[in-house]
Amino acid sequence: IVIRLGEGSSEDKDKPGIVHLAKEADQWIVKTQYGVYANEKTITPLLEKLDLLEGELRSDKKGLLGDYGIDGNEGVHIELRREDAEDTHIIIGTQKIGYQDNFVRLDGSNAVYLVNENLLGALGVRDEGEGQRLDTNKWTDKRIAHLEVNDVVGIAIKQTINGAEETVIDIRKKSVDGKKQWQSVDPYAFGLSASKIKNILETLNSTYARDIIAPDVQEVFDTPDWMASFTLENGEEVKLVRGAKEADGKNYYVKQEGVGYFYLVPVSTLDSREKQQGNIFAGNPLKVEESNVDEIKVNDLENKKKFYAIKKVSSTAPETSTEGDAGDQEAQEEVVWQTPGGKKIEVKKVQDVIKKIKNFNLETIPLSASSPKGALTVSITKGGETKEYTISKVTTLDNGKECHFLKLKGEARNYCVTKVHVSALQKALP
């Protein structure tokens with residue numbers, strides 16, 4: 001498809017005001033803009049409109065073509081080339097009698113038709129002063145990644161922190177008992193969430209560049225600080241690299257390896273994606289429920305509060321109305337929470353503390369992230385097994401994200417817990 005405004009020929013592919021779209025390997029690209037992906041959501045409706053085009057004959061005289069803005073030197077020209085079919089050359093007049101109505105003719109014919117379609121708008125023709133301008137950017141797909149999200153079977157994200165390259169995520173989709181599950185190359189202490197991982201992929205896949213530019217400044221990628229690799233089911237990889245910021249600090253340079261152009265992406269957009277990239281763990285990561293917790297200790301070092309609850313289960317004989325009914329009744333269990341000294345604790349207070357821990361939303365962060373001074377310690381006993389956690393004071397990461405670092409005793413890795421969830425736990429402590 002070649003779209004051009006006014007004078008020129010279909011051979012002027014690089015002339016401003018001309019768009020050359022081509023389908024290669026089932027993918028539309030914009031030949032006049034470095035071969036970037038074309039916006040198929042714009043192309044498909046246009047082709048459908050042209051295929052169903054009908055109109056009312058208004059003139060068949062060559063001398064009147066100029067009145068419709070549709071002679072050889074005017075109008076918007078669309079040249080369609082198809083395999084095993086004749087080329088089609090349509091001209092749309094720049095004069096119109098209403099927003100929705102356009103004049104149309106075929107090249108080589110003087111017959112002008114009035115059609116009830118806003119083809120100029122669909123083609124990206126905008127009124128500008130006394131003339132028109134063809135919006136060539138309308139045809140580009142400015143997404144920085146072009147993924148089929150359901151085909152992604154591997155995600156690896158790395159960042160440069162304090163001059164060293166660190167792994168943020170390295171996960172693979174594998175078959176387990178006939179079902180595909182996400183697993184980490186370096187195992188985590190907590191389970192992964194397929195829905196959260198899909199959301200990260202969809203968010204990255206819908207990240208748009210502000211502009212697409214020629215790859216003239218290779219030096220902006222001399223020290224990349226963020227790299228993401230996505231492995232597809234067919235073995236192909238899509239790799240994104242974030243380079244330096246523009247001089248004004250408003251955009252990052254970003255490239256997809258193997259393509260002949262760079263993206264300029266708003267700093268705020270990529271910083272937001274970076275803050276979300278570690279949100280991959282399933283809900284209730286510590287797997288706490290009132291029914292499975294036998295003992296819970298929380299020591300709030302900041303506020304000098306301690307909470308220690310032990311579950312006691314006692315059996316009570318059923319009350320019977322007659323002596324003969326007692327053998328048919330089962331003993332009833334009563335759950336009581338109490339302190340180590342035997343003092344009874346209100347059940348609702350224990351439930352509230354467990355609920356706040358259950359609500360924790362953990363995120364992965366680079367392994368080298370330091371663990372500042374602890375703010376809380378949490379110990380949970382379930383089925384005779386005790387796990388101990390340290391939660392740090394709040395700290396601000398390089399990307400501006402506020403985190404409390406959670407660390408499981410015996411492991412080197414830190415996890416991020418959002419400030420709001422830790423605050424809620426502290427407030428719940430009696």
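Author: Gladly! A charge sits over a ring if NZ of Lys or CZ of Arg is within 6 Å of the ring centre and within 35 degrees of the ring normal. Here, Arg 242 lies over the face of Tyr 252, 4.5 Å from the ring centre.

Reader: What should I keep in mind about the model itself?

Author: It is predicted, so local features need pLDDT of at least 70 and side-chain atom pairs count only at pLDDT 80 or more, while totals for chains, interfaces and linings use all residues. Residues are numbered from 1 along each chain as its sequence is written, and side-chain values use heavy atoms, leaving out hydrogens and water.

Reader: How is a pair of aromatic rings described?

Author: By the distance of the centres and the angle of the planes. Rings of Phe, Tyr and Trp (its six-membered ring) pair if their centres lie within 6.5 Å; planes under 30 degrees apart are stacked, over 60 edge-to-face, the rest tilted. The whole structure holds 8 aromatic pairs. In one of them, the centres of Tyr 188 and Phe 281 are 5.0 Å apart with planes at 85°, so the pair is edge-to-face.

Reader: Are Tyr 188 and Phe 281 buried or exposed?

Author: Buried means under 20% relative accessible area, exposed over 50%, partly exposed in between (1.4 Å probe, protein chains only). Tyr 188 is buried at 13%, and Phe 281 is buried at 0%.

Reader: Which residues form one aromatic cluster?

Author: Tyr 188, Phe 190, Phe 281 and Tyr 415.
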